[in-house]
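Have the viewer open as you read.

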Amino acid sequence: MKVSPNNIFRDDHHKDIDEDEGSKLRGYSFDKELRSGKFDESLLLDIQRMCLFANATYGTIVTGLNEKKFRFKMTKNFNQAFCISTGMTEKDILYFFWKTIPHRPAYLIAKDSDARSIYVCMRGSKDLADWGTNLLCVYSHLSVYLDKENTDRLFLKVRSSDASLASRIQRKIDEIQGFESNNCIGINDGLPLASGYLHSGMFLAAMDTYKVVTEQLEKIFEQKEFQDYNLVFTGHSLGGAVSLLLCFLYMIKPLHAMGRSMIQRIQCFTYGSAPVFSEHFRPFFAESGLPLYNVVYYDDIVPRFSLGSTKDLVAVIKDIQSFRHKTPRLAKQIEDLGLELSIDQYSPGERHARKCAIELHSRLKNEEMKNQKLFLMGRVFLVHLPEPRIDGKMSEEKRLIEEIDDVVSFFSEPLLTKTMMWNHMPFKYLSLIHI
């Protein structure tokens with residue numbers, strides 16, 4: 001038998017499941033093979049709806065969606081904001097934790113009887129403790145193994161340039177996996193499935209969150225009412241990153257109440273998520289069949305923001321400063337193209353100009369950006385404005401959403417824009433997606 005996640009994550013991985021049956025098992029309400037850039041209507045509706053859930057975790061009351069006239073109001077009553085914005089009721093909220101503590105972002109668990117789904121909604125960065133998670137951005141190297149003695153079990157091993165950090169992460173991993181500190185499985189006891197880098201701070205946050213969320217989800221799915229429900233994770237920014245990592249951890253250690261069938265009943269929608277995995281994990285996620293959907297605005301820097309991309313961006317800025325002294329006219333050309341454009345900040349013209357600036361810089365440097373970067377896993381959808389028509393006027397369609405085929409190449413480009421953080425705000429995604 002070929003050892004792959006696709007085999008492991010089935011109830012009976014000695015039997016094959018045909019493509020149509022597999023699609024039903026995963027709970028898709030849309031065409032999972034759609035690659036044309038156009039969307040099945042139900043997929044777009046899912047993306048729009050889950051964006052509301054991700055946005056509502058910030059305590060933002062959103063109204064006026066039907067009239068396309070958005071109104072936002074902040075409140076300290078997070079449950080009230082969630083219910084008003086999503087159309088849920090207080091009875092639908094099964095559990096919530098709005099207090100942010102180090103390495104544990106706020107979250108809410110709710111039920112949707114009509115969709116027969118349980119939603120785990122993770123909040124993004126809002127408090128100082130969240131930024132402590134974000135700034136612990138040193139990479140850790142993580143390996144996934146299949147237990148030779150028990151082919152239903154996966155286990156993780158970590159290493160890092162920071163020995164104390166690696167030890168801290170491994171202890172938390174062993175707690176999740178149920179290993180005693182003096183009786184852990186060694187790498188010689190497993191078959192390697194994947195190996196690469198991830199964001200240490202966000203992985204720590206996901207592991208801490210996993211323990212408390214799992215406790216609640218076990219209670220929920222043990223109830224007869226919810227035994228056939230699907231499980232949907234969603235979040236914006238840090239919340240999206242932790243949602244992706246939680247899905248990864250449930251691949252390693254599923255809920256006892258759901259078993260290995262959990263992988264067939266789980267979905268994840270993220271918006272402006274921070275990247276958490278190196279490209280080495282992409283084959284692992286692809287083979288698992290886990291439905292992960294990431295929505296990214298073109299000019300949002302956060303989905304490109306990792307330690308490696310930061311080093312690249314610093315290199316670009318330093319070079320521009322160097323060009324300013326050596327060849328002032330050339331530096332002015334780069335700045336005009338990529339940094340200080342006077343035209344409309346959201347126009348396709350700026351995107352083209354910025355791309356030219358990056359290409360110009362690359363030619364001047366005559367080298368590629370080679371720092372190790374992190375990326376989003378699963379399918380990635382880009383939200384942007386349409387290109388202008390031949391007559392120079394904008395298309396009647398206000399927004400475009402299309403799938404990115406080459407995620408690694410696209411997110412490896414340094415992003416130069418004056419409004420990079422403004423374009424990351426949760427309400428920005430909400431207004432862009434609800435066309």
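## Where α3 meets α14

Which residues in α3 meet which residues in α14? On the α3 side they are Ile 47, Gln 48, Cys 51, Leu 52 and Asn 55, and they meet Pro 426, Phe 427, Tyr 429, Leu 430 and Ile 433 in α14. Sorted by class, that contact has 8 nonpolar residues, 2 polar ones and no charged ones. Keep in mind that this is a predicted model.

As for the geometry, α3 covers residues 41-56 and α14 covers residues 426-433, and the two pack at an angle of about 160 degrees with their axes 10 Å apart. Angles over 145 degrees count as roughly antiparallel, so that is the label for α3 and α14. Their crossing is left-handed.

## The chain as a whole

Stepping back, the protein chain has 14 helices and 13 strands. Of its 435 residues, 56% are buried. Take the contacts with a separation of 6 or more: 73% of them are between residues 24 or more positions apart.

## α7 and its two partners

Helix α7 (residues 200-221) packs with helix α6 (residues 163-177) at an angle of about 25 degrees, and their axes are 10 Å apart. That makes the pair roughly parallel. α6 passes α7 in a left-handed crossing. From α6, the residues involved are Leu 165, Arg 168, Ile 169, Lys 172, Ile 173, Glu 175 and Ile 176; from α7 they are Ser 200, Phe 203, Leu 204, Met 207, Asp 208, Tyr 210 and Lys 211. The class tally for this contact is 8 nonpolar, 1 polar and 5 charged residues.

The other partner is helix α8 (residues 238-252), whose axis comes within 9 Å of that of α7 and crosses at roughly 65 degrees. The α7 and α8 helices are therefore roughly perpendicular to each other, and this crossing is right-handed. On α7, the contact is made by Met 202, Phe 203, Ala 205, Ala 206, Met 207, Thr 209, Tyr 210, Val 213, Thr 214 and Leu 217. On α8, it is made by Leu 238, Ala 241, Val 242, Leu 245, Leu 246, Phe 248, Leu 249 and Tyr 250. By class, that comes to 16 nonpolar and 2 polar residues, with no charged ones.

## A buried helix

How many of the 9 residues of helix α4 are buried? The count is 7, so α4 (residues 78-86) is largely enclosed by the rest of the structure. The buried ones are Phe 78, Asn 79, Ala 81, Phe 82, Cys 83, Ser 85 and Thr 86.

How many disulfides does the structure hold? The number is 0. For Cys 247, the closest cysteine sulfur is in Cys 268, at 4.1 Å, which is too far for a bond. The cut-off for a disulfide is a pair of sulfur atoms within 2.5 Å.

Are these cysteines buried or exposed? Cys 247 is buried, at a relative accessible area of 1%, and Cys 268 is buried too, at 0%.

Technical notes
Residues numbered from 1 in each chain as written. Predicted model: local features only at pLDDT ≥ 70, side-chain atom pairs only at ≥ 80, totals over all residues. Heavy atoms only, no water. Axes fitted to C-alpha atoms, helices over the stretch in contact; angles between N-to-C directions. Helix = DSSP H or I, 4+ residues; strand = E, 2+ residues; numbered from the N terminus. Parallel < 35°, antiparallel > 145°, perpendicular 65-115°, else oblique. Left-handed = near helix turned anticlockwise from the far one by under 90°. Contact = heavy atoms within 4.5 Å. Nonpolar A, V, L, I, M, F, W, Y, C, P; charged D, E, K, R; others polar. Buried < 20%, exposed > 50% of the residue type's maximum accessible area, 1.4 Å probe, protein only.
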